[in-house]
Amino acid sequence: MNWMLLLMPALPLLLGLTLGLGGHVQAKTLTGAGLACGLAVVIALLGTDGLRLDWILLGTELGVDGLSRGLLLLAGVLWGAAAIHSRTLLAGEDGRRYAVFFLLTLAGNLGLLVARDVATFYLGFALMTFAAYGLVVHSGKAEAMRAGRIYLILAVLGEVLLLAGLLMLAAQAGNTRVEAIGEVYRQLPHPAITAGLVAAGFAVKMGVVPLHVWLPLAHPAAPVPASAVLSGIILKAGLLGWIHLLPLGEIAVPALGQALIALGLFGAYYAALVGCFQQRPKTVLAYSSVSQMGLLAVLVGTWLGGEGDDRLLAVAILVFAVHHGLAKGLLFLAVPMIQRGVRPVAWLSLLPVLALAGFPLTSGILAKSALKTVAPDGLSLLLTLTSVTTGLLLLRFLRVAWPESQAREPAGRHELLSWLLVLVLSLMLPWWLATGDLRGYSLQWSSMVDGIWPLALAGLLAFVASRLLPRWPGLPEGDLVAPLERRLIGGGRWMRTRLERWRSPSAISTQDDSGLPAERRPWPEPGITVGALLLLLVVLGLAWLIA
Amino acid sequence: MSDALLPLSVFVPLLAGVCVFLSGGGARSPVALSGVLLSLAISLLLVMAVGSQGTLDHALAGWEPPLGIRLHADGLAALMILLTAVVGALVSLHAVGQFAGKSEIANRFWTLWLLLWGSLNALFLSADLFNVYVTLELVTLAAIPLVLLAGSRQSVSASLNYLLLALFGSLLYLGGVALIYGMTGTLDLQLIGERLPAGGWPVGVATALIVAGLLVKAAIVPFHFWLPPAHGGAPAPVSALLSALVVKAAVYLLLRLWAGPLQLPLSAPWVAQLLGALGAAAIILGSIQAMRQPRLKLVVAYSTVAQLGYILLFFPLAVASAWQGAVYHGLAHGVAKAALFLAAGNMLYHLGHDRVAELRGMGRPLALSLGAFAIASVSIMGLPPSGGFIAKWLLLQSALEQGLWWIVATVLVGGLLAAGYVFRVMRYAFMEAHAGPSVDRAPTPAQPLMVWSALTLAVLSIVLGFTARPLLTLLGEIPLGGG
Amino acid sequence: MLTGAGIYQALPLWVLLSSLLAALLVFLAGEDRNRLRITVNLAAAVLKLLLVGVMGYGVLQGHTFLVTMPILPGLDLVLHADALTMLFTTLSALLWLVTTIYAIAYLERRPNRARFFGFFSLCVASTMGIATAGNLFTFFIFYELLTLATWPLVVHNGWPKAMAVGRMYLRYTLGGGVVLLLGIVWLAALGQSGDFVAGGTLEHLAPEHRTALIAIFLLLIGGLGVKAALVPLHGWLPSAMVAPAPVSALLHAVAVVKAGAFGVVRVVYDVFGTSLVADLQMNTVLALLASFTIIYGSVRAIAQTDLKRRLAYSTVSQVSYITLGVALGSPLATIGGLVHLVHQGLMKITLFFCAGNYAENSGIHSIDELNGIGRRMPWTTAMFTIGAFGMMGAPPLAGFVSKWYLGMGALQAGAPWVLLVLLGSTVLNAIYFLPLLHRAWFRESGEKAIATAGEPGPGLLVPTLLTGISALGVGILAGFPLSPLSWVTFIVGQEYAP
Amino acid sequence: MMAGLDVYALAAAALIGLGFFGLIVQMHPLKRLLAVNVLGNGVFLALIVIARRLPGGPDPVPHAMVLTGIVIAVSATAFGLALVRRQARDEEGDDE
């Protein structure tokens, strides 16, 4: 059974690497991705023993626990749907390239989900991060290139911060196993520094403000299925990283926990507000993701601060992550169909929208309840109020995405199929994963009320605002990045000219075009007269010296 | 029995030379070659005898000193005889090719060269100051006509200059000998050491005269100026012999006098430093001049000026490892320089010119000669593995042991400068050339004998890097304390 | 004398001679005997690989090979084979075979092949000598021989620019050789043979000759630093890029820079010993120097627009990882440094093969010309990607393993600031490599890419693939018993054994 | 032992000085050759002086040395003269 743990990431990896050899792109990709996703679902459902492979990397260990099984299920579903949705892309120009990066990203993602040691986790994380770049810039448009550049800069930054933290862990205990991470932190002289680096490294992926700027750029630039997995599961890799590699529940790092909570809350509001002033549906969704990830950061921060109950927190995080992943993936998959005016899809898409808004009976209310059960006491109002901003944001989404006219062209078969798959599962999976307590709590009347009034308030606010503002103002995508980018580009150009002016030593020696030094004239030589006189001098000198 | 080898090693080459001169027509070359072979054999036997029995002595015709002539072979002499024999034999092979079809010049060459060989052996074996004078003059008088074989006008005036200065030098030397005889009443190298007063003006003047005379003959800076035109202008085999052996003879005498009668005066601190400084100046100036020469053979000739300087560095050091280093440098330089001159001669022979800047693309037609040049250069630069490296190592080590940093610096810088002039040549040889090297006349490829003799010498200069132990055993201990 | 045991014992000598004789044969065969030359080259490369394999097995069994030839009293030519030797010989022997194949294909129909391959073999022979040298004296012999053997390769094209670069190369390397020689002779003057013995042999001199030892150490490092391209002695390396691609690959991955780095390893571990180096406070000096080089090389690489020059500055930076690991002196850092000796070799040779493929196949020399070449030459570009990511230290590639151990070692050695260097270097590597990959894979095809028909022939492509996949393999299979990492761990275990 | 001044010793010194002066002042090769010969004769005379100065009659060894020296000097001078003539001929060849 446990060999599947290796096979699952290895299959897309090898397929991806050998796809360049030729062969049928679509068939291979779909088979490979399908098999891998199938394996993921099987492993997630059945569970398995761990697998130790000492000869791989620095001693690899694979395995699953409750949380990663849940995320693995999410990954299996979303990647499977994305693979189906990608069919048209695979047929197009550069389809082979897309397939390669798709499979590599998939391999990295699945690999990190089952990694149980630091190095392997980092391997999967890095593979996924860098391969995803290929997906972001796939379209080749200037916009995509810019998004890719910023994605890469932040990704490298994250990798570096992460590596620093991991090396500190490794210096203490070698290639640490995930289970033993708390023990290692206890031995560290300054656990807060290490934890800070690790947290910051993953925060880039999680889109914690202010490291979120790549998200609103990358999502709209990437092809639809890529956006879906990006928001749905790739972001969650950062979450898993936090859970695996921070000493959650083992030792408390209050300062860091509070920082995460503060940044998370701020991000939840800030991203939602900025998102309200965006023009494109995928950008709005991206901001929504940032906002929602902020809430997850609050949960992790709470845990890291040493508050709350471990088990409840784990469940809450899992439910929230799966709920958000499915709902957001669903919306991303739906966007092109909605924009083209496929009405049924548009109407059905209200389901995930409502779920994200935390409407009663949707998976959203489950997530919101979970959040409330574990959130620190002082924050419950603030957390509830995020539903208002989320509601506003989703209204904005509907506003910019809603079709102006009837469908000009029908939805593609694969498009529809993948969407339906996720839709069905999104209605069931979160409920299935939740504990009985949580389900019961979510179905209470008070929770329902809590689910409805913020939305109502949001609707009211939206109505008032649209009255007050005849022309809806816009904000640049990626908000903070615009001014920063100008500085950066200017600085980079300045650096570059500096560096270029810095003449290399070879430039001097290669000036000599002919390579021939001018023949220098030999010195004139003394004649006999001079020689004889010198000789006399030597004689006298020597004689004097000896005497 | 084996002490009979001493006179044989002197008279066999001399007689062979005379025979070549007397024999006529087609017989000359065979006679000459058999003379070379015979001389080689006797030299090798002599070296083996010294190796197995230690020092050998022989009084000519049973006449004992002071009126008789005593021949004396110790390790130092044996090594020089070995060098002469090996280099001489290989250069002779080269000469067979070089002078093929020019019987007149060949005749003169063989006669003079065999005479020179005999004189050199006599010089190495001489055990008294006056015999040294005689043999030194013999060497000079055999060497200068060899230079003239090229027949060019420059060589005539160069020879004349050299002759006048050399005569002046030898007269100075003779004056010094006279003074020493006046003080000690003997000419025997060993006895002088015992009888010479410890100091005073007469000793000073005598030593100064002798050393100065030898400096001229050894072409040590500032008396080097006669050497490059003479060595650079002569035919290749002659240049090789002159650079490898003839100048070496005078330097050998300096070492011999230090080892024998004049150790005390020559070890006076400032004298030793002065000689060392002259050596250093030779290394630096010679190398820089070598870099500036437009013609290949002049480059090699100036390289000789520079390389001779290393041996003089012995005087300020004056310890066992420096002794070994200096002598070994003499051997290594002899072999390598002969190879360089032969290789350069092959290029000149082939192209009709040896202008460095026009050697582009000569690597193809002259690959083996260029190879010989390159391999021998390794030793000249003092890079491993080669005889030059071993010598340099020994000199450096003794300089460091005594903390003589200026010598360390000179040796190291000298190596770099040598690389400068060697690679200047190599650079042109490696340059891209579509049409091959420029020529002054229709190219005449060098004969295999010429090529392979150069290559063999070059390889020997590398082999010397691995044979230091037996050769230095043969050399024996540094003769400290006079006699 | 020539008993079976004697022959076996002299294995290092045979390894050395296998390429020395190949060089000789190639020279003598001349320009026109193409078949013979190729046969000799390949046969020698394979033979050497076999010999190295046998030797490696012997070393693994605990046998110590030793050949001694007395040169001067107290001065022997010593060839030996210990675990460290095997690390370097195996790398060289493998890469020589690959590079030979590549070079044969690369130089097809070009002039002066006999000369090229002769010096090529001589160069490898010197490398073997450096690897098997048993004392500083022997090391120096081959170190200088290497200089002489590589110069003709650097100037092989014979262009005026190449000649000028050749002159510069000589100035640096011969100058370095002189400094090194001074250090070695000084050591000899103190009565030390400079034998390579694990843990060093000079500790007893420390009280009396402290200053001299510091000076000697600096001289040795200075001399070796030229070839190891430590700033400010690195100037020759980027310029030496005028050489043909296989030469660049050889210079950067196997022979020259590695010889310098290997020498640093020998000096620190087997001549001085880590404790003495630490006692003299030289480890800090060396670590600072290496760190500065790492950052400096990367920064300079960013500004290069010529592909090979960018790679060259990258080498300047990467090779110093080895020095850094050695300087830090903790066991883990040592593992990182030594394993990088192999890893950097594999990655850099891949990159240079790729650069050679681009140049040879499409005429691409500058970075701007890479646009869209990934579509035409996917395999080459894929290998280039592997190499580039490896240099950045991304898992599971070879560079990651090195960086991982270096980082751990830095913390173990109590030098957390080195972490900043490593991470800074990662960022800088990303800055100068990722745009290349972006161009190659994602930009619109440029002129050169459009004019390209496809991948180069198998002679160029197969070696590239072999090394690229190896760079991947040694990372993925780092935990495998015979991987470089395991081998290095074995070596370091010996060095730090009580 | 190198005792006081006498006419021979002074003459030897004078000859040496004259010869040296000639060698450095004269430019013509023939005159230089002659100067070297004068110098040589001075040295020979000095040797004779040394022979005379030893107690117990003239010492034969310096005499033998002088004889040999003269032979060498003669042959070297002859060779030198041949060279001078050759050089002169070469220059004549230039004039024509």
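Which residues does F116(C) touch, not counting residues up to four places away in sequence? In this predicted model, local features need pLDDT of at least 70 and side-chain atom pairs count only at pLDDT 80 or more, while totals for chains, interfaces and linings use all residues. Residues are numbered from 1 along each chain as its sequence is written, and chains are lettered from A and ligands numbered from 1 in the order in which they are written.

With that exclusion, F116(C) touches L107(C), L153(C) and H156(C), a contact being a pair of residues whose C-beta atoms, placed from the backbone, lie within 7 Å. F116(C) itself sits in helix α5 (residues 113–132) of chain C, where helices are DSSP runs of H or I with at least four residues, numbered from the N terminus. It counts as buried because it has 22 C-beta neighbours inside 10 Å; the term requires 20 or more other C-beta atoms within 10 Å, against 12 or fewer for exposed and values in between for partly exposed. Between F116(C) and Y296(C) there are 180 residues in sequence and 33 Å in space, C-alpha to C-alpha.

At the level of the complex, for which the predictor gives an ipTM of 0.86 and a pTM of 0.89, five pairs of chains are in contact, and chains A and C share the most contacts. Chains C and D, by comparison, are joined by no contact, and their closest C-alpha atoms lie 42 Å apart. Chain D does meet chain A, with four residues of each in contact; helix α1 (residues 7–25) of chain D gives the most to its side, with three residues. By class, that side of chain D has three nonpolar, no polar and one charged residues, where Ala, Val, Leu, Ile, Met, Phe, Trp, Tyr, Cys and Pro count as nonpolar, Asp, Glu, Lys and Arg as charged, and the others, Gly among them, as polar.

Within chain A, helix α3 (residues 66–85) and helix α11 (residues 224–245) pack at an angle of about 165°, with their axes 9 Å apart. That angle makes α3(A) roughly antiparallel to α11(A), a term for angles over 145 degrees, taken from 0 to 180 degrees between N-to-C directions of axes fitted to C-alpha atoms over the stretch in contact. The residues making this contact include L71(A) and W79(A) of α3(A) and V229(A) and K236(A) of α11(A), and by class the contact has 14 nonpolar, three polar and one charged residues.

Note on methods: Helices (H or I, at least four residues) and strands (E, at least two) are DSSP runs, numbered from the N terminus. Two residues are in contact if their C-beta atoms, placed from the backbone, lie within 7 Å. Angles under 35 degrees count as roughly parallel, over 145 as roughly antiparallel, 65 to 115 as roughly perpendicular and the rest as oblique.
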